[in-house]
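Reader: I would like to learn how to read a structure feature by feature. Could you take me through one with care?

Author: Gladly; let us look at it together.

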Amino acid sequence: MAIDIPEPWGSALTRRRAEAGDPQAAWTPAHVTLLGPTEVDTDALPAVEKHLESVASAQPPFVVHLRGTGTFRPVTEVVFVSLAMGISECELLAEAITRSPDIQRDSRFPYHPHVTVAQDVAPEALDAVFDDLAGFSARFPVASFTLFSHGGEGPWRPRRDFPLGG
C-alpha cells in the first residue's frame, strides 16, 4: 500500500532514482510506502480490501510536503526525500492498515514515511542523489492510497485506490 507522488514530482524522482543506477526505479514509481511488500492469501483479499475501505474512510484527506533529503546510512544504503508535513497521517494509516488479521508482516525497522530515491547503489551515487535533491520541495494533497499487486515479474501494478474520508 502506498501514496503515489503526483506529477510533475513523481516522474522526476523516479527518473533521478534511475539515473543513480537503482534498478528498482524501473519497477517502482516514486511513492510513500504505507505497507511494504507483504504476501496476502488470495482468499483473504476481499477481507483485506474491506479493512482498507474502513481505514481510508476514517482518515480525512491531508497534505504532504516533501522537503530535502535524508539517509538511513550506515544501517541501510538508502537515500530518501523527507516528509516535512503529513508524517503523522502516514503513521496513523500505516498502523491502522496492519490491524487486519490477514496482514502478517514482521518489519526489520520502525515505520518512517519517506520517498526512496536511491537504494543499494555505489556510495558515490548515494552521495550525489543526496546532494542533488537536498533542495527538493513539493506540496500536494493526498486524497487516497493505493493497493498494489505484484506477480513476481515486471512492475508493481495498482490494484485499487482507497479514497480518504469515505
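Reader: Which elements do the buried residues of H3 pack against?

Author: Some ground rules come before the reply. This is a predicted model, in which local features need pLDDT of at least 70 and side-chain atom pairs count only at pLDDT 80 or more, while totals for chains, interfaces and linings use all residues. Residues are numbered from 1 along each chain as its sequence is written, and side-chain values use heavy atoms, with hydrogens and water left out. Helices (H or I, at least four residues) and strands (E, at least two) are DSSP runs numbered from the N terminus, buried means under 20% relative accessible area, exposed over 50% and partly exposed in between, with a 1.4 Å probe and protein chains only, and contact means heavy atoms within 4.5 Å. With that settled, the buried residues of H3 pack against E1, E2, H2, strand E3 (62–71), E4 and E7.

Reader: Which residues of H3 are buried, and within what arc do they fall?

Author: An α-helix has 3.6 residues a turn, so residues three or four places apart point the same way. In H3 the buried residues are Cys90, Leu93, Ala94, Ala96 and Ile97. Seen down the helix axis, they fall within an arc of 165 degrees (taken from the directions from the axis to the C-beta atoms), so they line one face of H3.

Reader: Which residues of H1 are buried, and what covers them?

Author: Gly10, Leu13, Thr14, Arg16 and Arg17 are the buried residues of H1. Their arc around the axis is only 160 degrees, which puts them on the same side of H1. Their cover includes E3, E4, E5 and helix H4 (123–132). Just after H1, glycine 21 takes a positive phi of about 95 degrees.

Reader: How many aromatic pairs does the structure hold?

Author: A pair of aromatic rings is described by the distance of the centres and the angle of the planes. Rings of Phe, Tyr and Trp (its six-membered ring) pair if their centres lie within 6.5 Å, and planes under 30 degrees apart count as stacked, over 60 as edge-to-face and the rest as tilted. The structure holds 3 such pairs. One of them is the stacked pair of tryptophan 9 and phenylalanine 140, at 6.1 Å centre to centre with 25 degrees between the planes. This pair links distant parts of the chain, since tryptophan 9 is in helix H1 (residues 9–19) and phenylalanine 140 in strand E6 (residues 137–142), 131 residues apart. Tryptophan 9 is partly exposed at a relative accessible area of 25%, whereas phenylalanine 140 is buried at 4%. The rings of phenylalanine 145 and phenylalanine 162 have centres 5.5 Å apart and planes at 25 degrees, so this pair is stacked. Because phenylalanine 145 lies in strand E7 and phenylalanine 162 in strand E8, the pair ties together parts that are 17 residues apart in sequence. Both of these phenylalanines are buried.

Reader: Which residues does a cis peptide bond join, and where does proline 8 lie?

Author: A cis peptide bond joins glutamate 7 and proline 8, with omega about 10 degrees, and proline 8 lies in the loop between E1 and H1. The bond from arginine 73 to proline 74 is also cis, with omega near 10 degrees; proline 74 is in the loop between E3 and E4.

Reader: Is aspartate 120 buried or exposed?

Author: Aspartate 120 counts as exposed, at 59% relative accessibility. This residue, in the loop between E5 and H4, has a positive phi of about 55 degrees although it is not a glycine.
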